[in-house]
Amino acid sequence: MTGSKVFTKKDYLITTLRAYFLQNGFNYSNYQGLGYSLVMYPAFKKLYGNDKAKLAKSLEENTEFYNTNPNFLPFITSIHMAMADGGADYQEARGIKMALMGPLAGIGDSLSQFCIAPLFSSIFASLAMSGVTLAPIFFLLAENITLLAIKLGVGAYGHKLGTSMIDKLSSQMAVISDTAAMIGITVIAGLAATFVKMKVGITYTVTAKGATGKSVIDIQQMLDKIAPALLPVLYTLLMYYLIKKRHWTTYKLVILTVIVGIVLSALKILTTA
Amino acid sequence: MHISLIQAILIGLWTAFCYAGMLWGIYTNRALVLSFGVGVILGDIPTALACGAVAELAFMGFGVGAGGTVPPNPIGPGIIGTLLAITSAGKITAASALALSIPFAVAIQFLQTFVYTLCAGFPESAKKALKAQNFTKYRLISNATVCLFAIVGFFLGFLGAYSMSTLQTLVKMIPQWLLTGLSVAGGMLPAIGFAMIMSVMLKKEFIPFALLGYALAAYFTTPVIGIAIFGTIVALLVFFFSGKKDANATTSSANTSTEESRDDWI
C-alpha cells in the first residue's frame, strides 16, 4: 500500500471500543444499521475532515440493514477502516462488510451466547446460591473481561491481517467453541442434577407381619438409592425432548411446568425441597 | 417491609442502567445482577442472592434468541420477583417469587418488541438529518433506542418498587396451597432453562460430558467449580488426542500429531 495513512492505532482502538454502541439505535427496520454508522462516525469524521457532504453521504450509506455479533464487529470495522483509508469506495468495502456479517454473527453468537454466557452464568449463580455475596460482581467482571478481550483481539486481527484471515479464524473458533461446549455441557448437566428441585413427599407406614415395630417408607429415599436426582434429570430430559422433537415454545413449557407443579403439590405427591 | 421513595427511585435508576446495558452487551440485564442491586438498595443481600441465582439458572436458556428475537425479560424475576420476596419478609420463597414473576417477564418481552417497532421510524429521520448535514441530530437519533430503554427501565423499576405494597396485598389473597404449588413449580422451572441451552449445545458426541456432569453432581456432590475442572480435563484430553487417530492410521508415532494439534491450539 502506498501513501500516508490517515488512521493511527489509536483510531482503530477507538472504533473497536465503540462496538459497545452498535445497538444504541437498534430498531426493527434496519436492526444495527444506525449503530454501524454511529460506530464508524469518528473514523469517517477524521477521514473526510471538512468535507461535510462526503461525511454525511458515508454515514447515510452505512445506515443500511446490518445485524451481526457486537463482539466480533471490530474485525469488520477494522477491515472497513483499512479499506477506506486505502481509498476504497463504499461499494468495495460493502462487499466484505456484508460477506462477514453472517458468518461472524454465527460464530459470535454461538461463542458468546451459547458457550461463554451459560458457563459463567451457571458457575456464578451456583456460587451465589452457596452464599458468596460478591458472585454477581464476579460474574460481570468475568463476562466483560472475556468479551472485551475478544473485541480487542479481533479488532487488532482485522487491522493487521486483513481479509484473508476469516477462513482461519472460523476454523479456530470452531475448535475453541467445541471445547467450550464440552465444558459447558458437563457443568450444565451437573447443575440440572443439583438445582432442579423435585422431592416426593409420599411416606407411609407399614407394619410387617409378626414384627413388633412399624417402619416408615419414604419414596424419595428409595428413589435416591436407585439414582440420586432421578426426577430432576428425567424432568429436564422431558423438557429437552419437548423442545427438540416437539418444538414446544418457552411459554408452553412454563405453563406446563407451573400446572404440573401446582397439581402434584396439591395432590401431595411433591413437596417443597 | 416498606420501600421509601428514594429507594424506589434508586431501584428505577438501577433497572434503567441494567436494561440499557443489555444493548451495550455488558450483561447487566441478567437476573443475578439485577437482583443484587435490589438487595444492596433494600439492605437484604441474602434474599436477593437466592432470588437472583434461582432465576439466573431458570432464565439461562431464555436468553437464547437468535438474531433480533426478543426473549422473556429477566427484569421480571430479577427486579419484580426479588422485590416480592424481600418485602414479603420470608413469606414468599425465592422459588415462588420466580414463578409469580413469570407474567411480568413476558409482559416486558412484549414491551421491548413494542419499543423496537416504535424505533423502526428512526432510520428515516436519521437519513433526513444527514441530508441536512445536521450531525448532532443524527447522533441523537442513533442513540435514541438506548435512551428509550433507560426510560422504560426506570419506570419498570420505579413503579415495581412503588406499587409493591399493592402487589403484596394481591399476593396475600393467593391461598396457601397455591403458593406451595408455585414454590414447587419454581423449583422445577430451572429444568426449562437447562433443557433450552442443552437443545442448542448438545450433539451426540457430547453425551459423555452430560453423563460426567450428572455423575459428578449426583453421586459425588462435587461443587460446580470442581465439575468445570473435571469437564476441562476431559475436554482437553479429547482435544489433544483427537488428532491422533488419523495419525496412527498412517504412522505409529504419536509425537508429531500431538505437536501439530498444540500448534493449532496456539
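What is the mean pLDDT of chain B, and what share of its residues reach 70 or more? In this predicted model, in which local features need pLDDT of at least 70, side-chain atom pairs count only at pLDDT 80 or more, and totals for chains, interfaces and linings use all residues, the mean for chain B is 85, with 88% of its residues at 70 or more; pLDDT is the predictor's confidence in each residue, from 0 to 100. Residues are numbered from 1 along each chain as its sequence is written, chains are lettered from A in the order in which they are written, and side-chain values use heavy atoms, with hydrogens and water left out.

Where pLDDT is low, the predicted coordinates should not be read in detail. For the complex, the predictor gives an ipTM of 0.78 and a pTM of 0.79.

At the interface, 93 residues of chain B are in contact with 94 residues of chain A. The area buried between the two chains, that is, the accessible area (1.4 Å probe) lost on putting them together, summed over both, is about 8300 Å², and carbon and sulfur atoms give 75% of that area. In chain B, Y27(B), M188(B) and M201(B) lose the most area to chain A, together 9% of what that side buries.

Two salt bridges are found across the interface of chain B and chain A, the criterion being a side-chain nitrogen of Lys or Arg within 4 Å of a carboxyl oxygen of Asp or Glu. A salt bridge joins the side chains of E60(A) and K131(B), at 3.2 Å from N to O. Helix 11 (residues 190-201) of chain B gives the most to the side of chain B that touches chain A, with eleven residues.

The unreviewed UniProt entry annotates several spans of chain B as "transmembrane region", including residues 6-26 and 140-162; such annotations may be inferred rather than shown by experiment. The end C-alpha atoms of residues 6-26 of chain B lie 26 Å apart, and the span is 90% helix and 0% strand, while those of residues 140-162 of chain B lie 31 Å apart, with 96% helix and 0% strand.

Key:
Contact means heavy atoms within 4.5 Å. Helices (H or I, at least four residues) and strands (E, at least two) are DSSP runs, numbered from the N terminus.
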